[in-house]
Amino acid sequence: MKTILEAIDLTKVYKVGKIEVPALKGVSLKVREGEFISIMGPSGCGKSTLLHTLGGLCQPTSGKIVIDGEEISEAKDAVRTDIRRRKIGFVFQRFNLLPTLTARGNLEIAREIHGNGKEDQKHVDQILALLGLENKVGHKPSELSGGEQQRVAIARAIINKPSILLADEPTGNLDTENSLIVLTMLQELNRKFNQTIIMITHNPEAAAVANRLIEMRDGRIVPHEHDVSWDAKEDKIYI
Ligand SMILES: Nc1ncnc2c1ncn2[C@@H]1O[C@H](COP(=O)(O)OP(=O)(O)O)[C@@H](O)[C@H]1O
Ligand SMILES: [Mg+2]
């Protein structure tokens, strides 16, 4: 199976005035195409920092990240942004939709549609339908439930066919029923379209929809025997 993401010995130190906060203390990770990985761990252990670093939202202090053959860790801001736009989809706990735009408008912006191309509009509507939102395309976020807003956010995240979908507690603001709908849709995206997904969650039931669990503690990945054996043949041990 193709490796879609490889991170080697990542560290991240935040500087707050004169204080240094080590958030990642050497994380190595290999993700294969089509995996659905969940990341769990106590608050403050570095989960969001890891996801943001993997997705090129911030630069690691040291270490290397290669996404689908392109090195993102040492790239200049503009190059990193470009790789991120082409290869990464992000979903956040707070949906982060543009409030003045409709569901369709939020997707069109992500696709950078300036005209009104019929093909593009068809594609946008198809993706919204895939997320069960065919009757909501003209609704603004305030006219949608939390679960529907998150589905729009997922639709927006996958509109440009990213290599990897990164989700930071996507069900953190949802009730049980809507959480289940969103998780089921992520699972379908993974199974039907082989979408690679890395999802942070606090919820063991949410983690269970994934096919690999990564546990973090204090800026590190907690090793599991099972994962180590996976790559035991190689020089480096990836978790
Ligand atoms: N922008 C930032 N500036 C300074 N410290 C930060 C910043 N973001 C996160 N941290 C710190 O880094 C550590 C890891 O945070 P985070 O990655 O958000 O953890 P988690 O997502 O697991 O709760 C925490 O100690 C947090 O306070
Ligand atoms: Mg977090």
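Colleague: Why do α3 and α5 count as roughly parallel to each other in this predicted model?

Modeller: Start with the general idea: a pair of packed helices is described by the angle between their axes and by the distance between those axes. Here helix α3 (residues 103–110) and helix α5 (residues 146–158) pack at about 25°, and their axes are 9 Å apart. Angles under 35 degrees count as roughly parallel, so α3 and α5 are roughly parallel to each other. The crossing of α3 past α5 is right-handed.

Colleague: Which residues of α3 and α5 meet?

Modeller: From α3 they are Ala 103, Asn 106, Leu 107 and Ala 110, and from α5 they are Val 152, Ala 155 and Arg 156. By class, this contact of α3 with α5 has five nonpolar residues, one polar and one charged.

Colleague: At what angle do α3 and α4 pack?

Modeller: For α3 and helix α4 (residues 118–130) the angle is about 120°, with the axes 10 Å apart. That is why α3 and α4 are oblique to each other. Their crossing is right-handed. On the α3 side the contact involves Ala 103, Arg 104, Leu 107 and Glu 108, and on the α4 side Gln 121, Val 124, Asp 125, Ile 127 and Leu 128. Five of the residues in the contact of α3 with α4 are nonpolar, one is polar and three are charged.

Colleague: Turning to the ligand, which residues surround ligand 1?

Modeller: Among them are Tyr 14, Val 16, Pro 42, Ser 48 and Thr 49. Oxygen atoms of ligand 1 also make polar contacts: one is 2.7 Å from a polar backbone atom of Gly 44. For a polar backbone atom of Gly 46 the distance is 3.1 Å. An N or O atom in the side chain of Lys 47 is 2.8 Å from an oxygen atom of ligand 1.

Notes. Residues are numbered from 1 along each chain as its sequence is written. Chains are lettered from A and ligands numbered from 1 in the order in which they are written. This is a predicted model: local features need pLDDT of at least 70, side-chain atom pairs count only at pLDDT 80 or more; totals for chains, interfaces and linings use all residues. Side-chain values use heavy atoms; hydrogens and water are left out. Axes are lines fitted to C-alpha atoms, for helices over the stretch in contact, and angles run from 0 to 180 degrees between N-to-C directions. Helices (H or I, at least four residues) and strands (E, at least two) are DSSP runs, numbered from the N terminus. Angles under 35 degrees count as roughly parallel, over 145 as roughly antiparallel, 65 to 115 as roughly perpendicular and the rest as oblique. A crossing is left-handed if the near helix is turned anticlockwise from the far one by less than a right angle, and right-handed if clockwise. Contact means heavy atoms within 4.5 Å. Ala, Val, Leu, Ile, Met, Phe, Trp, Tyr, Cys and Pro count as nonpolar, Asp, Glu, Lys and Arg as charged, and the others, Gly among them, as polar. A residue is near a molecule or strand if one of its heavy atoms lies within 4 Å of it. A polar contact is a pair of N or O atoms within 3.5 Å; within protein, one must be able to donate a hydrogen and the other to accept it, and residues adjacent in sequence count only if both atoms are side-chain atoms.
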